[in-house]
Amino acid sequence: MMEKKSESVVAQTMKVDLAGTSYFLVANLNALRGINAALGGLAPAFAKVRDLNFDAMATVLASAAGMKPSAAEFDGLVKDIWQAENKAEIGGALSDYLVVMLNGGRASNDDAGSDGENGGSAPGKS
């Protein structure tokens with residue numbers, strides 16, 4: 001059995017505010033698997049979020065926040081993103097999250113000195 005080294009810096013939890021609700025995005029294996037299954041991998045997910053595909057954005061948001069929304073709840077997320085005035089900002093935050101996921105859940109070198117402005121302590125929805 002190989003010995004694991006724990007030298008990596010884990011990325012801080014990111015927060016997205018949408019329609020009066022804060023969603024805390026956590027980089028973990030469950031989120032990765034949800035995104036992979038729904039969107040065909042991180043690269044396609046990144047392209048769809050970059051293109052402001054609202055269904056893809058809702059999928060990444062739900063997976064990252066540890067949610068398992070019903071069809072009606074998912075439609076509500078898509079509608080909230082569609083109607084959000086800050087949808088480009090939301091897309092940017094989700095893109096940043098996907099970069100962390102592409103980096104194995106670790107903070108990038110640029111994030112290592114971050115002041116944690118987007119950080120949160122609790123995963124999921126608040």
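Against which elements do the buried residues of α4 pack?

1. This is a predicted model, in which local features need pLDDT of at least 70 and side-chain atom pairs count only at pLDDT 80 or more, while totals for chains, interfaces and linings use all residues. Residues are numbered from 1 along each chain as its sequence is written, and side-chain values use heavy atoms, with hydrogens and water left out.

2. Helices and strands are DSSP runs numbered from the N terminus (helices H or I, at least four residues; strands E, at least two). In α4, the buried residues are Phe74, Leu77, Val78 and Ile81, where buried means under 20% relative accessible area, exposed over 50%, and partly exposed in between (1.4 Å probe, protein chains only). Seen down the axis of α4, these buried residues fall within an arc of 95°, so they line one face of the helix; the arc is that of the directions from the helix axis to the C-beta atoms. Ala72 and Asp75 are exposed on the other side of α4.

3. To answer the opening question, the buried residues of α4 pack against β1, β2, α3 and α5, contact meaning heavy atoms within 4.5 Å.

4. Serine 95 lies in helix α5 (residues 87-102) and is buried, with a relative accessible area of 13%. Not counting residues up to four places away in sequence, serine 95 touches Phe46, Val49 and Arg50.
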